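Please look at the sequence and the structure first.

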Amino acid sequence: MSTRLAKQGRLIDRSKQIEFTFNGKKLKGFAGDTLASALLANDQMLVGRSFKYHRPRGLVASGAEEPNALVGLGVGDRFEPNQRATTTELFAGLAAQSQNHWPSLEYDIGEVNSKLFSRFLTAGFYYKMFIHPRPFWKHIYEPFIRQSAGLGKAPDTELKDADTYEHFYFFCDVLVIGGGVAGLQAAKSAAETGAKVLVLEEKSCWGGRTPVDGGTIEGLDAEEWIARTVAELEALDNVTLRSRTMGAGVYDHSYILGYERLTDHAPGQGGPRHRLWRIRAQQTVTATGAIERPLSFAGNDVPGVMLAGAMRDYLVNWGVTPGQKVLVATNNDDAYRTAIALHEAGVEVVRVVDARESGGGELSDRVRDLGIRIECGRAIAKVKDGKRVTKVAICAQNGEGGAREEIEADAVAMSGGWSPVVHLWSHCGGKLTWDETQAHFRPDPDRAPTGHDGAPFVVTAGSASGPLGLAAVMADAAAAGAKAAEAAGRPARTVTPIATSEVTEAPMEPVWLMPAKADIELRMKTWLDYQNDVKVSDVQLAAREGYESVEHTKRYTTLGMATDQGKLSNINGLAILADALDAEIPQVGTTTFRPPYHPISMGAIGGEARGEIFQPLRKTPMYDWHDSHGAHWEPVGHWRRPYAYLRSGESLHEAVNREVKNTREALGLLDASTLGKLIVKGPDAGRFLDMLYTNMMSTLKIGKCRYGLMCSENGFLSDDGVVARIDEDTWLCHTTTGGADRIHAHMEEWLQTEWWDWKVYVANVTEQLAQVAVVGPNARRVLEKLNGQAGGGQAGGGMDLSPEALGFMEWQDGEIGGFKARAYRISFSGELSYEIAVSASEGQAFWSALIEAGREFGVMPYGTECLHILRAEKGFIMIGDETDGTVIPQDLGLHWALSKKKDDYLGKRAQSRSHMTDPDRWQLVGLETLDGSVLPDGAYAVGNGVNANGQKNTIGRVTSTYYSATLDRGIAMGLVKHGPKRMGEVIDFPGLDGKTYQARIVDPVFYDKDGEKQNV
Amino acid sequence: MLILDCPYCGVRAEETELHAGGEAHLKRFGPGSSDEDFHDYLFMRENPRGVHFERWRHVSGCGKWFHAARCTQTLEVFGTYSAQTTEPPQQITDAISAKRPGWTWRGLSD
Amino acid sequence: MSEAVSALNGASFAGLARVEETGLGGMITLRGDFASAAFRAAVKTATGGDLPDTRRIAFGDRGAVAWMSPDELLLLVDYAEAAAVTASLARDLAGEHHMAVNVSDARACFTVNGASAREVIAKVAPVDLAPGQFAPGDFRRTRFAQVAGAFWLDEADVFHIVCFRSVAAYMFNLLSTAAHPQARVGVYS
């Protein structure tokens, strides 16, 4: 059984007991435990079930590489699936649930998968099943897969994550990722040059695994050296140390993401849960250490089979042993350290099985001296299946698995050698080289990732570079720190050697399969990827089926595609593939390493952007008034505009109809502040606007307004609006609400990149002004009342708003009701209409004054839907409705706005291309249903005949469609082939509701065709 | 995420402050141009693996457009320069030649 | 004439740093030729300040001048004076290609003040806020999370931020969130 030992456990505080639950069961651990160590201490060897076969699984590792111990953590709005027990610090009240089982962890029905279906669930299962008879998929396989598939369970979709998150931008000379002895030494070397250094360590404590492995540095015990060095670094102004912060990814131009877990270990502490560091470092040192590889033998996934280094971690760091009788299997000397540690902790080591014929070096001698039996040239043939290790059969390594000896054991420590953690080196293109002696891929320092200046920006340090011995690690780290600082522009320094203890180790021997010629029965029980349930036999099958590329094999078998991204499985799988293909490992190559190194929370990626700051909401100065007067909001870009103002008991449709009628019959007010307002000024401004607009703007008289169209260089209609000539060299251009920033940028682009010698300045004054459209038969009356000019005239010093003083399509500056204002006599409704601009800071006051003064004239505010209906009744186009990026002004009957006098304007040349002048282009018409109903929005009209796909030919589509309260019927506009020539014809619009709507082609101006109402 | 030095305000701006504007040094063809020239101006773009010239705007900064010479393969930036030019300045082409001997791009070359 | 009101009417938040909407400030966008003597003289007359260096803000006895781009300045003056100063700039620069526009009402102004002010801004703007890298008198246009903004540091170590008026509430909530009392980073404070 796995238990807590009476002694040991450098990271735990036995005086602080912590209660937690696992599957509802109350358990106890200590401060300093991880969830993994605490589970082991409670003899909870079984921690989950595998994804595909639901096989019982236990802890294999002690860090981020753990593939099995994924749990659902937390409850309610703090529940998160797939959290690693090994990287979860224990806290009081922690609630964890195991995953992938039904009905319980101990007894799982899905486990029959592995017994009954495993021969169907081989590599490429999904691909093969997709191809087989379709009914099989739908009725047999899919329900079966749906029931058993899925990693963990999704959080309740009704609940919102209760935590907050944030980002932090940071800049430094040297970033060190990894706070083990190599990272600390590299940081020290870099800091000595005066470089600004940031050190990130994913765990809560510094020093990495050296305190577990033992040794001395500069005459100090590893733990003492670490404490001293951390204290030294903390005292330096140019160094920042962050624990619980993982270097998650290395990106182009030396951009690195750090993932800081602030409250995962102390929920309820308050403040953000995670902080995403967005780091720009001159140089990055990856001191990310190495990961131990499992050995591939049958039953290597039975709970109790653990990496030798991890078992040592549990012993030394947390005082926990996974078993009482442990068998050690290895191909290298490092696992002997585990045998020694177990022995020192009083745990029986039943056998060391060393695959090497010649055995190990100094460490194995020590183990032998302790009286532990070592067998060389031997292998594990099979670990007996079950919920934990009970028996291990051993055999000759160089055989097929016969002549077995069965040994009683309750845990197995395995080591297949160590691979450097090359992920961060590789994220941005760092290349690897195959190291024959260590049988691993290590970073090739001559092919480092390069940055914006073409120079390398990542340096590896310590065992992340390849070396595993302490002396080599420290020398490499010191050099790496100095090298990075120098590359970051700091002075070069010679590195002084660092004295360490030294152990002579015998070379490791690659062992990719145990025993070397294991038969198929064994290979089908030999796991490579624990999380995705990929076995040696699956990779071999893929190779037989023709998958030669490692990238293809990965996808076909799903090897390395689980949440651990193959940290344990990749090299082993690769070696099996190489063997099956009869190729060398370096020729097969590795798959691509992609960030993040370890999954990070979605919350951290989103940062502060949630709730009311999920995205910016743009508000006009009158926003609060609208909100308190029943505004039903409509998003227009980032703006929020009232769609309509709801009165109590009213439906939205009723509100819109009321607003339409009232504006036509009495007085409506529209908050038009969102419309873009761009000032264009300079000696060449007229010439510039003539290029931007399709019509002539340079000839516009001061004091006058003109409606204009803008096209892209492709000829397509891009924006429209009223332009006012302010003075000799100044124009004010109105744009659509969504067009302000875009058209401002469009103007700057042409001025800066094409006509840079033209003397024109543009300023966006959209937000300087609050603008109100005062619309309806009583529009003039309310303004005159505000000016104290009831009955007309110029009394009160206000602006003269009479038709004589301010005619249609004219503007004037002056005062209205005491407000400094500019009045435009323009109309987008067909009614008598003024648009009045005042300073934004006075917008609300002006609006309130209009509402107050307008009472006797029946004033009502109106929203965007009413605006749309009013304009549609008049046949005015709307950018974004009648246009969609494929429509040219000619399609909309706007020929009158295309200047024939100008040699050039943006879009002119394009509009003469053959397709643009095609008489078959769909053109704007009005549409009236025969029964008065409203045409469905976006409906297509069908004509005679069918296309190549047997579908009816389309001959037009609806672009705008509304119920007109003014006319009490549906009105619409649309683009129809040969439309203007087909007035009076009835065409069919099949609706999605199965009905066919019949509509007559009519003139798009439905109301007041002669424009009498606006000209009063 | 790329960083580019804005030649106007001197900020080393990260990509989130910038707006990419496509290929640099296009020659505008307007009314009177041939169908072929106009078509090429509107639609035909270089898509090199290697040296490339681009337009960028420091949109969340000084608002100015500028040019960047960049390697599309390694993302190395050879330099940034004024938008008010129809061709890259000598100092930029020299910098490219030093790093990518034999380079060519449209009508330009080492 | 009614009283002019700022977007948030002086809202404030106290956390890691004090975030405050500072009400209406007079602001003039001035574009023109920085090399022109008349231009420089007009700036001096308007603010009492000299033309600032690139990405700097210069202070005069009547206001301040911030560098926006190679042909654009932002003049900071009293709100009540902004219209008059804009008009006099236009007079002073008549005959010279320029543009002077009163943008006082288009903006919202904030201060961020306190030991953690640098960290608060570094959470939302992609700018190096280390003390040696951003000093009093430095002026930077950038983005604050998802909106455009400009900021500078004054001699009293107070950060000033300007953004568009329509996103004032977003900016205030953004800065207040970043200044959550339990969200100290501990790098610059």
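## Contacts between chains

The contact between chain A and chain C takes 37 residues from chain A and 40 residues from chain C, where two residues are in contact if their C-beta atoms, placed from the backbone, lie within 7 Å. The model is predicted: local features need pLDDT of at least 70 and side-chain atom pairs count only at pLDDT 80 or more, while totals for chains, interfaces and linings use all residues. Residues are numbered from 1 along each chain as its sequence is written, and chains are lettered from A and ligands numbered from 1 in the order in which they are written.

On the side of chain A that touches chain C, the elements giving two or more residues are strand E9 (165–177), strand E36 (676–681), strand E40 (761–764) and helix H24 (843–854) of chain A. Helices (H or I, at least four residues) and strands (E, at least two) are DSSP runs, numbered from the N terminus. E9(A) gives the most to this side, with 5 residues.

Chain A also meets chain B: 21 residues of chain B are in contact with 20 residues of chain A. The table gives the classes of residue on two of these sides.

## Chain C

Chain C is divided into domain 1 (12–23 + 106–181) and domain 2 (26–104), with bounds from an automatic or database domain assignment. The C-alpha centres of domain 1 and domain 2 of chain C lie 23 Å apart. Their contact takes 8 residues from domain 1 of chain C and 9 residues from domain 2 of chain C. Strand E9 (residues 139–144) of chain C gives the most to the domain 1 side, with 3 residues.

In chain C, 5 strands form an open antiparallel sheet in the order E4-E5-E6-E3-E7; two strands pair if DSSP finds at least two bridges between them. Strand E4 (57–59) and strand E7 (99–102) of chain C each have a single partner strand, so one side of each is left without a neighbour in the sheet. Strand E3 (residues 26–31) of chain C is joined to E7(C) by 4 bridges, and C:Thr29 stands opposite C:Val101 in E7(C). Helix H1 (residues 37–47) of chain C lies across strand E5 (64–69) and strand E6 (72–77) of chain C, at about 20° to E6(C). Axes are lines fitted to C-alpha atoms, for helices over the stretch in contact, and angles run from 0 to 180 degrees between N-to-C directions.

## The largest nonpolar core

A nonpolar core is a set of buried Ala, Val, Leu, Ile, Met, Phe, Trp, Tyr and Cys residues joined through C-beta atoms within 7 Å. Of the 383 residues in the largest one, A:Val174, A:Val412 and C:Met171 touch the most other members. Helix H12 (residues 470–487) of chain A gives the most to this core, with 10 residues. Domain 1 and domain 2 of chain C both give residues to this core, so it lies between them.

Not counting residues up to four places away in sequence, A:Val174 touches residues including A:Ala190, A:Val285 and A:Ala484.

A:Ala480 has its place in helix H12 of chain A. This residue, A:Ala480, is buried, with 30 other C-beta atoms within 10 Å; a residue is buried at 20 or more such atoms, exposed at 12 or fewer, and partly exposed in between. The C-alpha atoms of A:Ala480 and A:Ala182, 298 residues apart along the chain, are separated by 9.2 Å.
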